[in-house]
Amino acid sequence: MAYTRLNGTDVNCKLCPRGCIIKNSKRGVCRVRENRDRTLFTLIYGTTTAEAIDPIEKKPLFHFWPGSDTYSISTLSCTLFCPWCQNWEISQASPGEVYSHENTPEGLVKAALESGSRSISYTYNEPLLWYEFVYETSKVARDNKVQNILVTNGYITEEALLPLVKYIDAANIDIKGFTEDFYRTYCRGSLEPVLLATKLMKREGTHIEVTNLVIPGINDSLEEIRQLVRWVKDNLGADIPLHFSRFFPHYKMADIHATPFATLLKVKEIAEEEGLQFVYIGNVASESENTYCPNCKNLLIRRMGFDVLKVDLSEDKRCPNCGFKINIVGEVNTRSFIRWW
Ligand code: SF4
Ligand code: SF4
């Protein structure tokens, strides 16, 4: 899927905005799409590197079926090359370099149903590169009333996203920075297609949450953060949850220190000042994981880590104190892995 044949023996992949022109017997930049006599093959259909049952809060999705479990799966490779990647062992691997097993769409949906999960999350590495398998699986999942979630970098062309998005119920999209220079320098990609894909998903009715990893000295300029926040508000809406994530030294950025908590508080303050209603701080335990009513500040959902400890919402997802409508999809349940003896 998502390619055209060119004159001669080349093909033009149209899955991600990189638009590789691939010669016969060669692969695209992502290493998992190969031209075999003018037919573009995916080398990772069904190739699965991890399967786990996760709390949906881990994606992070805080406003989509809070307290539910999601069946999380991944393959290998990525369309981008972030030097801080937490999952670089799979995201930067080529076929055959990491342990994997094979799945079918039907087998995967069956496993999700048997696990008691109400959704499948395509996650850990970049799921949009698993395009053909995610497309087929999401159709089978939809037929079986299992929801489909993308945890994604949003680096996809409009023409590839359109057929897929109608099967996607929710997405957490990582907007990694807010300048073209940042995307070019650190990710070897570009920002504009990510913004376009995010708007398209929102327009097509997918529940959207946005994540931004705040890296000291790299993308933490307060002006850049303000521009990101304004874009989210103007293009997605004030009620879109925005997760600022704490950076920890890792992979090729082991020499950069963790994001100071004060910086995270400051960027949260900016986002709220600009009018965003649900702003969270991730990767650090704090009150900033809770959901408060944007109108009267009543505590609606108390979280700790991935646990949902307390819920105070009316059945129609309004604040019980002032009646303000909260952007939450699905049932809201408590969940706690903490055991008290
Ligand atoms: S998906 Fe891979 S082959 Fe296709 S354009 Fe992007 S990097 Fe190139
Ligand atoms: S887009 Fe995500 S999976 Fe890909 S390299 Fe960047 S952080 Fe890793």
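This is a predicted model: local features need pLDDT of at least 70, side-chain atom pairs count only at pLDDT 80 or more; totals for chains, interfaces and linings use all residues.
I would now like to turn to strand 13 and its two neighbours. As a reminder, strands of a sheet pair through backbone hydrogen bonds, either parallel or antiparallel. Strand 12, residues 170–174, pairs with strand 13 in the parallel sense over five bridges. Within that pairing, Ala-171 has Ile-208 of strand 13 as its bridge partner. On the other pairing, strand 13, residues 207–214, runs parallel to strand 14, residues 242–246, and five bridges join them.

How many of the residues of strand 13 are buried? The count is eight of its eight residues, so the strand is described as mostly covered under a criterion of 20 or more other C-beta atoms within 10 Å. In a regular strand the side chains alternate between the two faces of the sheet. Here, His-207, Glu-209, Thr-211 and Leu-213 point one way, while Ile-208, Val-210, Asn-212 and Val-214 point the other way, and all are buried.

Next, helix 7. The helix comprises 14 residues, 222–235, and at 1.5 Å a residue these should span 20 Å; the end C-alpha atoms are 20 Å apart, which agrees. Which of its residues are buried? They are Ile-225, Leu-228, Val-229 and Val-232. These four cover an arc of only 95° around the axis, and therefore lie on the same side of helix 7. An α-helix has 3.6 residues a turn, so residues three or four places apart point the same way. The face turned away from the buried side carries the exposed residues Glu-223 and Asp-234.

Finally, the two ligands. The shell around ligand 1 divides into seven nonpolar, three polar and two charged residues. Among the residues around ligand 1 are Cys-13, Cys-16, Cys-20 and Cys-30, together with Arg-18, Arg-33, Thr-79 and Leu-129. For ligand 2, the shell has five nonpolar, four polar and one charged residues. Those surrounding ligand 2 include Cys-78, Cys-82 and Cys-85, as well as Phe-81, Asn-87, Asn-125, Glu-126 and Asn-153.

Key:
Residues are numbered from 1 along each chain as its sequence is written. Chains are lettered from A and ligands numbered from 1 in the order in which they are written. Two strands pair if DSSP finds at least two bridges between them. A residue is near a molecule or strand if its C-beta atom, placed from the backbone, lies within 6 Å of it. Ala, Val, Leu, Ile, Met, Phe, Trp, Tyr, Cys and Pro count as nonpolar, Asp, Glu, Lys and Arg as charged, and the others, Gly among them, as polar. The expected span of a helix is 1.5 Å times one less than its number of residues. A residue is buried if 20 or more other C-beta atoms lie within 10 Å of its own, exposed if 12 or fewer, and partly exposed in between; C-beta atoms are placed from the backbone. The arc is that of the directions from the helix axis to the C-beta atoms.
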